[in-house]
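Hi there,

Here is the structure I promised to hand over. Have a look at it first, and then read on for what turned up.

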Amino acid sequence: NKTLCLYKTRADAIAGANKLEVSGGAGDTLNKSGDADLVRESERRRFRDPGIVDKILDADQKWIAGKYELDERRRAVNKVQDAIKVKKKESKGQDPCTELVAEKTALEQKIQEQEELVAQALTERDTLLHKVGNLVHDSVPVSKDEEKDNEIAALWGAPRIFSKYETNGNRPHFQVLAMLGAVEFEAGHQVAGHRGYFLTGPGVLLNQALINYGLTFTGKFGFKPVQPPFF
């Protein structure tokens, strides 16, 4: 006789933020037909700035351009190194290749600088990318109030109706705790919001008993309890 309700308080993802994280750059996926617009619309439905998509695309292009420049500089170093090898071979090791060595050293310094720029661009892109949530499904209500605008997707069985402390054969755990004097809801609401509560009397003892049970149970398998320092 249990009742199961499915609510659409949060979207099932069409595709997550990871969809944007591709080896060829986030822009490869976002630039596909409609994908960027899907992400923008999803962010709008989350009441967030859809402009973040354009920032991601710009940051991705910056990273791609920087990586291309880095690869070009590495190719230049390899070319100079090949020239040094040829001269060394032709001179049987007598030619110091002073100019080529100096050129190679300068290029390697530029490579190091470019590597830092590329790493910085990648961090900038991924930082923005991780701020994008899963795509909100079209069936999900767009609302800032999940309690008010929540939609029931399906029902199984007959919902139980519990009037305050009236016996109807079954009681939810929060009613039992309240009847036992094991919880204070109103004080908890004032301190921590509408979902907050204080455990009192038997509620505290029950909670401690469950903690002790958990420690004892896991201790049988070799787990060692650790309590961090209190300040």
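Which residues make a nonpolar surface patch of about 510 Å²? The answer is Tyr213, Phe217, Phe221 and Phe223. A patch of this kind is made of residues with over 30% relative accessible area and no salt bridge, with nonpolar side chains (Val, Leu, Ile, Met, Phe, Trp, Tyr) joined within 5 Å and like charges within 9 Å. Tyr213 is found in helix 8 (residues 202-219), and at 55% relative accessibility Tyr213 counts as exposed. For these labels, buried means under 20% relative accessible area, exposed means over 50%, and partly exposed is in between (1.4 Å probe, protein chains only).

Before we go further, a word on the source. This is a predicted model, so local features need pLDDT of at least 70 and side-chain atom pairs count only at pLDDT 80 or more, while totals for chains, interfaces and linings use all residues. Residues are numbered from 1 along each chain as its sequence is written, and side-chain values use heavy atoms, with hydrogens and water left out.

Now the overall layout. The protein chain has eight helices and four strands, in the order β-α-α-α-α-α-β-α-β-α-β-α along the sequence. Both kinds of element are DSSP runs numbered from the N terminus: helices are H or I with at least four residues, and strands are E with at least two. Of the 231 residues, 22% count as buried. The accessible surface comes to about 17000 Å², of which 55% belongs to carbon and sulfur atoms; such areas come from the Shrake-Rupley method with a 1.4 Å probe, and for residues only the protein chains shown count as cover.

A negative surface patch is there too, formed by Asp145, Glu146, Asp149 and Glu151. Asp and Glu count as negative and Lys and Arg as positive, while His and the chain ends are not counted; the place of a charge is NZ of Lys, CZ of Arg, CG of Asp or CD of Glu. Glu151 lies in the loop between helix 5 (146-149) and strand 2 (152-156), and is partly exposed at 38%.

Leaving aside neighbours within four places in sequence, Val118 is in contact (heavy atoms within 4.5 Å) with Trp63, Gly66, Lys67 and Leu70. The C-alpha atoms of Val118 and Leu70 are 7.9 Å apart, although 48 residues separate the two along the chain.

Finally, the charged pairs. Side chains of opposite charge can pair when their charged atoms come close. A search of the whole structure finds 15 salt bridges, each being a side-chain nitrogen of Lys or Arg within 4 Å of a carboxyl oxygen of Asp or Glu. In one of them, Asp54 pairs with Arg40, the closest N and O atoms being 2.8 Å apart. Asp54 lies in helix 3 (residues 52-90) and Arg40 in helix 2, so the pair ties together parts that are 14 residues apart in sequence. Glu43 and Arg48 also meet in a salt bridge (3.0 Å, N to O); Glu43 is buried at 2%, whereas Arg48 is partly exposed at 35%. Glu72 and Arg75 form another at 2.3 Å, N to O, and these two are three residues apart in helix 3, separated by about one helical turn. Salt bridges that share partners also join Glu41, Arg44, Arg45 and Asp138 into one network.

Happy exploring!
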